[in-house]
Amino acid sequence: MDLGIKGKWALVGGASKGLGWGCASALAQAGVNLVMVSRGAEVLEASAAGLRQHGVTVLTVAQDITTEAGRAQVFALRKEFDIVVTNAGGPPSGNFRDWGREDWIRAVEANMLTPIELIKATVDGMAARGFGRIINITSGAVKSPIEALGLSNGARSGLTGFVAGLARSGIAAQGVTVNNLLPGAFDTDRLQSLFATTAGKTSQTVDAVAAQRRKSIPAQRFGQPQEFGAACAFLCSPLAGYITGQNILVDGGAFGGTF
C-alpha cells in the first residue's frame with residue numbers, strides 16, 4: 001500500500017532498536033527520510049545503515065533526547081519535520097515507597113516533558129505547511145496500570161492529558177494530528193529486563209515469568225516491533241487524517257475493557 005508519505009521527513013526517538021526502530025523501519029519502507037536519535041552510537045549507525053537500503057536519507061544523532069543538549073543537537077541538524085515519533089526508555093520498575101523526588105523528576109522529564117518539548121519545537125511548522133503527524137509511544141499501562149511501573153504510569157498519563165487538549169486545538173484544522181500508540185508486551189530488550197527483574201524478586205526463572213505473561217495475552221504471543229511500526233506508519237499517513245487525539249492500544253487483546 002502506498003501510504004502517500006514518500007519524501008517526507010521524520011524524527012524518531014529511541015530509534016536504534018525496539019519499538020522506535022520498528023517505527024523508523026516502517027517509515028523508511030514508506031519512503032520517509034529519517035533523523036534517528038539514540039544514545040548508543042554503534043547500534044544506531046548499524047540500524048541506520050540497514051534502513052538506507054530502502055533508498056531514503058537517514059541521518060543519525062547519538063544523543064540522549066531527554067536532555068536539552070541532546071535536543072539541541074537534533075535541531076542543529078534539521079529544524080523542520082513532517083512527522084515526529086516521540087519515544088524514550090521507560091523509568092525503572094519498583095515500589096513507590098523507594099522512589100524519591102529525583103526519581104519522579106527523571107521520569108517526568110523523559111516521558112512527559114521531552115515529548116512536549118519536541119512537539120513545541122515542530123508543531124507550528126507542521127501547521128503552517130498544512131501537514132503534520134505526531135505519534136507518542138506511551139504504554140498500555142496508561143489504560144491498565146501496572147503497580148510496579150508507577151513512575152511510568154504517572155509520567156505517561158500526564159503526557160496523555162496534555163495531548164488530549166493539544167490534538168483538539170486549532171492545529172486539527174491545519175492538517176496536524178496527534179495520537180498516542182500504547183504498546184502491550186512486545187519482544188524488546190525492555191520487556192526482557194522487566195522479566196528479569198520479576199524473576200529476581202519471585203525466585204522464578206525468566207522463562208517461567210515470560211510464559212506466564214504470554215498466557216495472559218489473548219494472541220498468546222508477544223508482539224514484534226515491525227507490527228508496531230506498521231501501525232505507526234499508517235497513523236502518519238494522509239489515510240489517517242481523521243484520527244486525532246486517540247490512545248490506540250497495540251497489545252494482542254490484553255486490555256480487558258470494552259471501551
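Visitor: Are H1 and H8 parallel, perpendicular or oblique to each other?

Guide: This is a predicted model. Start with the general idea. Two packed helices are described by the angle between their axes and the distance between the axes. Now the case here. Helix H1 covers residues 18-29 and helix H8 covers residues 225-235. Their axes come within 7 Å and cross at roughly 55°. H1 and H8 are therefore oblique to each other. The crossing of the pair is right-handed.

Visitor: Which residues make the contact between H1 and H8?

Guide: From H1, Gly18, Leu19, Trp21, Gly22, Cys23, Ala26 and Leu27. From H8, Pro225, Gln226, Phe228, Gly229, Ala230, Cys232 and Ala233. By class, 10 are nonpolar, 4 are polar and none is charged.

Visitor: How do I read the angle between H6 and H7?

Guide: H6 spans residues 189-202, and H7 spans residues 206-215. They pack at about 115°, with axes 8 Å apart. That makes H6 roughly perpendicular to H7. This crossing is right-handed. On the H6 side, the contact uses Leu191, Gln192, Phe195, Ala196, Thr198 and Ala199. H7 answers with Val206, Val209, Ala210 and Arg213. The tally for H6 with H7 is 7 nonpolar, 2 polar and 1 charged.

Visitor: Which residues touch the most other members of the largest nonpolar core?

Guide: General idea again. In soluble globular proteins, nonpolar side chains tend to be buried together. In this model the largest nonpolar core has 34 residues. Ile5, Leu27, Leu34, Met36 and Val85 touch the most other members. At least two residues each come from S1 (9-13), H1, S2 (33-38), H2 (41-52), S4 (83-86), S5 (132-137) and H8. H1 gives the most, with 6 residues.

Visitor: What is Leu27 in contact with, beyond its neighbours within four places in sequence?

Guide: Ile5, Ala10, Val12, Val32, Leu34, Ile83, Val85, Ala233 and Cys236. Leu27 also belongs to the H1 contact with H8. A second, separate core has 24 residues, including Leu118, Met126, Ala127 and Val176.

Visitor: Is Glu45 buried, partly exposed or exposed?

Guide: Read the relative accessible area. Buried means under 20%, and exposed means over 50%. Glu45 has 37%, so Glu45 is partly exposed. Glu45 lies in helix H2. Not counting residues up to four places away in sequence, Glu45 touches Arg52 and Thr60.

Visitor: How far apart are Glu45 and Gly154?

Guide: In sequence, 109 residues. In space, 33 Å from C-alpha to C-alpha.

Definitions and conventions:
Residues are numbered from 1 along each chain as its sequence is written. This is a predicted model: local features need pLDDT of at least 70, side-chain atom pairs count only at pLDDT 80 or more; totals for chains, interfaces and linings use all residues. Side-chain values use heavy atoms; hydrogens and water are left out. Axes are lines fitted to C-alpha atoms, for helices over the stretch in contact, and angles run from 0 to 180 degrees between N-to-C directions. Helices (H or I, at least four residues) and strands (E, at least two) are DSSP runs, numbered from the N terminus. Angles under 35 degrees count as roughly parallel, over 145 as roughly antiparallel, 65 to 115 as roughly perpendicular and the rest as oblique. A crossing is left-handed if the near helix is turned anticlockwise from the far one by less than a right angle, and right-handed if clockwise. Contact means heavy atoms within 4.5 Å. Ala, Val, Leu, Ile, Met, Phe, Trp, Tyr, Cys and Pro count as nonpolar, Asp, Glu, Lys and Arg as charged, and the others, Gly among them, as polar. A nonpolar core is a set of buried Ala, Val, Leu, Ile, Met, Phe, Trp, Tyr and Cys residues joined through side-chain atoms within 4.5 Å. Buried means under 20% relative accessible area, exposed over 50%, partly exposed in between (1.4 Å probe, protein chains only).
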